[in-house]
Amino acid sequence: ATMMLVMPFVIRKVGVKNAIILAAATMIFRILGTACFTNIYIISAFKLLHAIEIPLFVLAIFKYISLNFESRFSATLFSVSFVIAQQIGVIILSGPVGVLFDKYGYSTTFFVLASSVAVVAFIGFFTLENDRKAQTESLLPELESENA
């Protein structure tokens, strides 16, 4: 809960797009760390990275949506696109990940998951709008209506 207070300052400092990429990098590091070690204490330490990753992702994505979409639709877009899509992803991926775990084991499964997150983060790096461009474009309709 403390991280929810800290993360807005981090997001403001690094920018929304970079905060999303940073959260993805944290996720990759956490998953790879979990894949590389078998000691329960080390794995538990890596699991604590959730305290950084989740608030960073949630707040950065909400801020990204509010910058790039009309503000009255922000909460709806967040609920639909992030929360529901996340749950659908869990439903769809749980079977294949379970089969992967049964067939190849713990470490291989986590390496595949980390690789998948890395691919999505790489794509996001090039496809997410930069903060300044999004802010400028979101201000254009307001400026045009003031000038009219």
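**Exercise 1.** Describe how the axes of H2 and H6 are placed in this predicted model.

*Solution.* Step 1: the axes (lines fitted to C-alpha atoms, for helices over the stretch in contact) of H2 and H6 come within 8 Å. Helices are DSSP runs (H or I, at least four residues), numbered from the N terminus.
Step 2: the axes of H2 and H6 cross at roughly 165 degrees, on a scale from 0 to 180 degrees between N-to-C directions.
Step 3: H2 is therefore roughly antiparallel to H6, a term for angles over 145 degrees.

The model is predicted: local features need pLDDT of at least 70, side-chain atom pairs count only at pLDDT 80 or more, and totals for chains, interfaces and linings use all residues. Residues are numbered from 1 along each chain as its sequence is written, and side-chain values use heavy atoms, with hydrogens and water left out.

**Exercise 2.** Find residues of H2 that meet H6, and class the contact.

*Solution.* Step 1: contact means heavy atoms within 4.5 Å.
Step 2: in H2, the residues include Ile-21, Met-27 and Ile-31; in H6, they include Phe-110, Val-117 and Phe-125.
Step 3: by class, the contact of H2 with H6 has 17 nonpolar, three polar and one charged residues. Ala, Val, Leu, Ile, Met, Phe, Trp, Tyr, Cys and Pro count as nonpolar, Asp, Glu, Lys and Arg as charged, and the others as polar.

**Exercise 3.** Which helix gives the largest share of the lining of the largest pocket?

*Solution.* Step 1: H2 (16–36), H4 (50–68), H5 (74–104) and H6 (106–127) each supply at least two residues of this lining.
Step 2: the largest share, 12 residues, comes from H5.

Conventions
Angles under 35 degrees count as roughly parallel, over 145 as roughly antiparallel, 65 to 115 as roughly perpendicular and the rest as oblique.
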